[in-house]
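Please examine the sequence and the three-dimensional structure shown here. The paragraphs that follow lead through selected features in turn.

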Amino acid sequence: MTNTANTMQAWWVGKPGSTSTHPLEQGTKRVPKPGEGDILVRVHVCGVCRTDLHLAEGDLPPHHPRVVPGHEAVGSVVESGPGTGRFETGDRVGVAWLGGTCGVCHYCRRGAENLCSNPTFTGWDRDGGFAELMTVREEFAYGIPARFSDEEAAPLLCSGIIGFRALKRASLPPGGRLGIYGFGGSAHLTAQIAIYSGASVYVMTRSEEAQVLALSLGAEYVGGAFDVPPVKLDSAILFAPVGDLVPVAMRALDRGGTLAVAGIHLSDIPPINYADELFYEKQVRSVTANTRADGAELLALAADMPLIPTTTSYPFTAADQALDDLANDRITGAAVLKVHEGAA
């Protein structure tokens, strides 16, 4: 794939709708120019996340016309704007969902930049990695651990980071029992982190292929999405964007247990029965984006543990097919676009 000095190939959201209506369009865009504090990145690969699916289908309304999705991008620095210096030309970097924060609101000042009043998100506000080139604020880019190939590293940049934050929000006690509802790109990484920490993991998912993967990664139990695990859970994480599973997961919790809802979008939650699903100091918590500290902590941990991302690669020309496969649960693990041929 080639680009001229001023243009590049990219995919963008045309008319949001079901993947069967082909909401993504491919064509030519101008190469972005790095501004103050920006670096220009030649995209090697980009993960395909469920958030990209929500954007394409309209659950998340696009923030500007022809927005380029993709927020799990791995590439190399090709140009730097004024006021940069952290990375050099040729350095391998990762670009994640959180693309910028105001730094002055009371959330940012207290260290909760994931709750920033005026945030910027990659692939929603700024054009993302479903393109040959993209810009990112240098202070929001990550160095990539050398032990991961580009394809392995891509899902760490959202699926990994968000799963890691969800695990923290779930308040899993040492050696505890963790329930995971849905087992896609984020869940299969989170399960490995939990097991590495000494937890027992119980996976509930409708996908038979995902059940097989969960067992291969060390899960104690696998069952259907609405099945009852064989033990009471200390904590649970809901990755599937299905509100009907909230009361199911709450009933599976032991006294004092916590459910973390990891998705940016969730269908409506049915009424909660207080006595059966919330009493005994059970808690339900949402997960909103991530902080840069979350990302740095996750990548450092991933470099030191035997974390094995399971990926399915697609050529750049098949971005719409990857999204459709994700929508129809035809992907085990994480989908990754090979934007430039020969990427690691």
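Helices (H or I, at least four residues) and strands (E, at least two) are DSSP runs, numbered from the N terminus. The model is a predicted one, in which local features need pLDDT of at least 70, side-chain atom pairs count only at pLDDT 80 or more, and totals for chains, interfaces and linings use all residues. Residues are numbered from 1 along each chain as its sequence is written, and side-chain values use heavy atoms, with hydrogens and water left out.

Tyrosine 280 lies in the loop between α8 (274-278) and β15 (283-286). Its relative accessibility is 40%, so tyrosine 280 counts as partly exposed (buried means under 20% relative accessible area, exposed over 50%, partly exposed in between, with a 1.4 Å probe and protein chains only). Together with Ile269, Ile272, Tyr274, Leu278 and Phe279, Tyr280 makes a nonpolar surface patch of about 560 Å². Patches consist of residues with over 30% relative accessible area and no salt bridge; like charges are joined within 9 Å, and nonpolar side chains (Val, Leu, Ile, Met, Phe, Trp, Tyr) within 5 Å.

Salt bridges are the next topic. Side chains of opposite charge can pair when their charged atoms come close. A salt bridge is a side-chain nitrogen of Lys or Arg within 4 Å of a carboxyl oxygen of Asp or Glu, and by this rule the count comes to 18. One of them joins lysine 33 and glutamate 79, with 2.8 Å from N to O. Lysine 33 is in the loop between β2 (24-30) and β3 (38-48), and glutamate 79 is in strand β4 (residues 73-80), so the pair ties together parts that are 46 residues apart in sequence. Lysine 33 is exposed, at 64% relative accessible area, whereas glutamate 79 is partly exposed, at 28%.

Another salt bridge pairs aspartate 38 with arginine 126, their closest N and O atoms being 3.3 Å apart. Aspartate 38 belongs to strand β3 and arginine 126 to the loop between β7 (120-121) and β8 (133-137), 88 residues apart. Both of these residues are buried.

Arginine 292 and glutamate 113 also meet in a salt bridge, at 2.8 Å from N to O. This pair links helix α9 with the loop between α2 (106-109) and β7, the two residues being 179 apart. Glu113 and Arg292 are in a network of salt bridges that also includes Arg137 and Glu139.

Terms used: Areas by Shrake-Rupley, 256 points an atom, 1.4 Å probe, with all protein chains shown as cover.
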